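Subject: Structure handover

Hello,

Please find the structure below, followed by notes on what was found in it. They are meant for a reader who has not seen it before.

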Amino acid sequence: MPTEVALRDLYDWMQRLLLMACDIGIAPTARKPRELELASAEDDVAKLTWQLFDAIARATLHGSLHHAVKQANDRLAPIRRAKQELIEHAFEELSELNQHWQHRDTSSLKSALWRLPRTPQAARPVHRGLAERA
């Protein structure tokens with residue numbers, strides 16, 4: 001299990017990658033991504049988060065950026081899955097991000113990405129919850 005500092009750094013890295021993808025923008029030749037099917041809070045939020053972040057990076061058509069997001073996504077996937085029960089509004093946060101992405105509103109998407117928890121204080125309860133479950 002990653003340390004609290006490593007967890008914070010990984011979330012920060014993912015956030016920076018996604019903000020960079022928003023700054024680069026959607027390549028004109030990128031195909032329109034399929035819409036994520038978010039039906040209820042019972043959905044697999046960890047899997048849907050992986051898919052959304054992958055789609056955002058893939059749309060830039062920057063192979064290196066997409067590869068970096070895939071690596072960070074893969075490292076965060078087990079953490080997201082384990083913390084689903086610890087984060088109250090994960091589905092709502094993902095729905096908001098997805099809505100901005102579907103409308104290609106990168107300005108609002110960036111604002112929402114900035115609001116995602118990435119501080120040591122936000123990582124601490126997640127790290128504790130994961131440690132208690134181990």
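The largest nonpolar core of this predicted model has 32 residues. A nonpolar core here is a set of buried Ala, Val, Leu, Ile, Met, Phe, Trp, Tyr and Cys residues joined through side-chain atoms within 4.5 Å, and buried means under 20% relative accessible area, with a 1.4 Å probe and protein chains only. Leu 52, Phe 53 and Ile 56 have the most contacts inside this core. Two or more residues each are given to it by helices H1 (4-24), H2, H3 (63-83), H4 and H5 (106-115). H1 supplies the largest share, 9 residues. Helices are DSSP runs (H or I, at least four residues), numbered from the N terminus. As background, nonpolar side chains tend to be buried together in soluble globular proteins.

Ile 56 touches Leu 18, Ala 21, Trp 101 and Leu 109, leaving aside its neighbours within four places in sequence. Contact means heavy atoms within 4.5 Å.

Next, the helix pairs. The axes of H2 (residues 45-58) and H4 (residues 90-102) come within 11 Å and cross at roughly 25°. Axes are lines fitted to C-alpha atoms, for helices over the stretch in contact, and angles run from 0 to 180 degrees between N-to-C directions. H2 and H4 are therefore roughly parallel (angles under 35 degrees; over 145 counts as roughly antiparallel). On the H2 side, Val 45, Leu 48, Thr 49, Leu 52, Phe 53, Ala 55 and Ile 56 meet Ala 90, Phe 91, Leu 94, Leu 97, Asn 98 and Trp 101 of H4. These residues divide into 11 nonpolar, 2 polar and no charged. For this count, Ala, Val, Leu, Ile, Met, Phe, Trp, Tyr, Cys and Pro are nonpolar, Asp, Glu, Lys and Arg are charged, and the others, Gly among them, are polar.

Thr 49 of H2 counts as buried because its relative accessibility is 10%. Beyond its neighbours within four places in sequence, Thr 49 is in contact with Asn 73, Arg 80 and Leu 94.

H1 and H5 have axes that come within 10 Å and cross at roughly 170°, which makes the two helices roughly antiparallel. Gln 15, Leu 18, Leu 19, Cys 22 and Asp 23 in H1 meet Thr 106, Leu 109, Lys 110, Leu 113 and Trp 114 in H5. That contact has 6 nonpolar, 2 polar and 2 charged residues.

On conventions, residues are numbered from 1 along each chain as its sequence is written, and side-chain values use heavy atoms, with hydrogens and water left out. Local features need pLDDT of at least 70 and side-chain atom pairs count only at pLDDT 80 or more, while totals for chains, interfaces and linings use all residues.

Regards

Conventions:
Parallel < 35°, antiparallel > 145°, perpendicular 65-115°, else oblique. Buried < 20%, exposed > 50% of the residue type's maximum accessible area, 1.4 Å probe, protein only.
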